[in-house]
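Please take a moment with the sequence and the model below before reading on. The paragraphs that follow lead through some of the contacts and surroundings of its side chains.

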Amino acid sequence: MSATAKWQFAKSAWLVAVVALAGACSKPADEGAGKAAQDQAAQISFARDLELWRSQRVANLTKPDGWTSVVGLHWIDPGPHYFGASAGNGIQLAVGPDHFGMIDLNNGRLRFVPEKGLAVTLDGEPLKGAAELRADDSPTGPSVLAFDEGKGLVTVIKRGDRYALRVKHADAPSRTGFRGIEYWPASTDWKVQAHYVPHPPGKTLPIANIIGITDEVPNPGALEFERGGKQYRIEALDEGEDTLFLVFADRTSGHGSYPAGRFLDAPKPGADANVTLDFNQAYNPPCAFTAFATCPLPPPENRLDLLVDAGEKTYAHAAP
């Protein structure tokens, strides 16, 4: 081989080596750039989804018949009772007609007789005479009595063996003066992977509510997760929705978050039994916004020795 040929061969070999070395050196850089782009895209998606969830949450709270519109909760004793805003009624409402009518509770049946001449609708239709009312434990939901051109609503709720009138109004100060929700800083670090542990079919868990009534609620399983090297477990409830319902307290309860605990919805597990718990979406119960709700309280099993500084903070009510 001539000197020129040898030089050309060496040059070619050198170029091949340089190209190979450049490729080897640039590959981690390319991979790093690709990972950074993926991470950025994931953060943008996370922020967008969380903002959408928060916007929908506020919209639900502040809609004309949302939780911020509740203005009264009035328990009904057996027998007939007149109700309305006038002081002369057996059940006095905070808002509404002076004389709404009479409600009669007899062996779990509720009969309503409207005040003569009262402009009221029942389930969207003008009511002209007596009618039987459904409570919120009915498969079709509660009957809805509407007054004040639909801005005011009266329904019947059942808690334990007791019944009550729940009254809402779109002009409630708690709605018109809604102050917004404060949150801990959002972080993907609070999207926790949990493992679902099923319970035997038919298992229930006693859940007390804020008015002192305890119900047996379907408890299909528990969710176990790790945080800071420690294991935690939350019992899940099934209220007939397409998600699991978690009622929990943690070390922020009464120290930044609502004292009586918070709620979290979680997807039902797939075949792999893995579930993502996004504590950024931990939210306050209705009782944080109105004194006229009957919220469930965290069972002892769901009182976590964990500082969950994510999700909604305590709601700041307007000064009286």
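Predicted model: local features only at pLDDT ≥ 70, side-chain atom pairs only at ≥ 80, totals over all residues.

**A walk through the model**

Cys287 and Cys295 are both buried, where buried means under 20% relative accessible area, exposed means over 50%, and partly exposed covers what lies in between (1.4 Å probe, protein chains only). These two cysteines are joined by a disulfide, with 2.3 Å from S to S, a disulfide being a pair of cysteine sulfur atoms within 2.5 Å. The link of Cys287 and Cys295 is right-handed, with 115° about the S-S bond, and a search of the whole structure finds one disulfide.

Residues are numbered from 1 along each chain as its sequence is written, and side-chain values use heavy atoms, with hydrogens and water left out.

How many salt bridges does a search of the whole structure find? The search finds 12 of them, a salt bridge being a side-chain nitrogen of Lys or Arg within 4 Å of a carboxyl oxygen of Asp or Glu. One of these contacts is formed by Asp136 and Arg159, whose closest N and O atoms are 2.8 Å apart. This pair links distant parts of the chain, with Asp136 in the loop between β8 (131-133) and β9 (145-147) and Arg159 in strand β10 (residues 152-159), 23 residues apart; helices (H or I, at least four residues) and strands (E, at least two) are DSSP runs, numbered from the N terminus. Asp136 counts as partly exposed because its relative accessibility is 28%, whereas Arg159 counts as buried because its value is 16%.

Another salt bridge connects Lys158 with Asp137, the closest N and O atoms being 3.8 Å apart. Because Lys158 lies in strand β10 and Asp137 in the loop between β8 and β9, the pair ties together parts that are 21 residues apart in sequence. Lys158 is partly exposed, with a relative accessible area of 26%, and Asp137 also counts as partly exposed, at 48%.

A further salt bridge is formed by Lys151 and Asp171, with 2.9 Å between the closest N and O atoms. Here too distant parts of the chain are linked, since Lys151 is in the loop between β9 and β10 and Asp171 in the loop between β11 (162-169) and α2 (173-176), 20 residues apart. Lys151 is partly exposed at 35%, and Asp171 is partly exposed at 43% relative accessibility. Elsewhere, Glu224, Arg233 and Glu235 are linked in a network of salt bridges.

On the surface, Glu239, Glu241, Asp242 and Asp265 gather in a patch of negative charge; patches are made of residues with over 30% relative accessible area and no salt bridge, in which like charges are joined within 9 Å and nonpolar side chains (Val, Leu, Ile, Met, Phe, Trp, Tyr) within 5 Å. Asp242 has its place in the loop between β16 (230-236) and β17 (243-248), and Asp242 counts as exposed because its relative accessible area is 65%.

The last stop is Asp77, in the loop between β1 (70-76) and β2 (79-84). Asp77 counts as partly exposed because its relative accessibility is 49%. Between the C-alpha atoms of Asp77 and Asp104 there are 8.9 Å, and the two residues are 27 residues apart along the chain.

Key
Areas by Shrake-Rupley, 256 points an atom, 1.4 Å probe, with all protein chains shown as cover. Lys, Arg positive; Asp, Glu negative; His and termini not counted. Charge placed at Lys NZ, Arg CZ, Asp CG, Glu CD.
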